[in-house]
Each structure stands twice: as structure tokens, then as C-alpha cells.
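Open the model in your viewer and keep the sequence panel beside it. The stops below go from one selection to the next.

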Amino acid sequence: MFFRKTENKRNHPYIAMTIGTLAMIGAFNVVRCTKRTFHHMKNKVECVFRGKDGSGCEVE
């Protein structure tokens with residue numbers, strides 16, 4: 001848009017590092033939330049198989 005076809009488009013290295021860092025942080029958060037969700041689901045399934053009285057079940 002602002003460049004002619006013959007001009008080279010140069011990206012600033014700090015912008016690339018910032019975008020890469022934000023992407024990594026986002027990926028870590030997704031993985032952590034997924035692990036936490038599966039851990040809670042596993043606890044609920046274990047609670048169902050232990051019995052309906054709810055003894056020993058974690059309530060969160």
C-alpha cells in the first residue's frame with residue numbers, strides 16, 4: 001500500500017519479537033487452561049464412579 005513494488009519491506013525486529021512473545025504467552029495459557037479443565041473433568045468422573053453420596057469429592 002505504501003511501498004512500491006521495487007521497494008523492500010523491512011520488518012522491525014522488536015515488532016517480530018513482541019508478536020512472537022505474545023503468541024507464546026497465549027499458547028502457554030491455552031495449554032494451562034486445557035490441562036486444568038481436563039483435571040477437573042477427571043475429578044468429576046472419579047466422583048461419579050465412587051458413589052452418589054459424594055464422599056471424598058472435591059467441590060470447586
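**A pair within the helix**

Select Lys 42 and Glu 46: both belong to helix H1, residues 13-50, and they are four residues apart, about one turn of the helix. A helix here is a DSSP run of H or I with at least four residues, numbered from the N terminus. This is a predicted model, in which local features need pLDDT of at least 70, side-chain atom pairs count only at pLDDT 80 or more, and totals for chains, interfaces and linings use all residues. Residues are numbered from 1 along each chain as its sequence is written, and side-chain values use heavy atoms, with hydrogens and water left out.

Now show the side chains of the pair. Lys 42 and Glu 46 form a salt bridge, with 3.7 Å between the closest N and O atoms. The term means a side-chain nitrogen of Lys or Arg within 4 Å of a carboxyl oxygen of Asp or Glu. The whole structure holds one salt bridge.

The cut-offs are under 20% relative accessible area for buried and over 50% for exposed, with partly exposed in between (1.4 Å probe, protein chains only). Of the 60 residues in the chain, 5% are buried.

Then select all of H1.

Last, step to Gly 51, which follows H1 and has a positive phi, near 150°.

How values were computed
Helix = DSSP H or I, 4+ residues; strand = E, 2+ residues; numbered from the N terminus.
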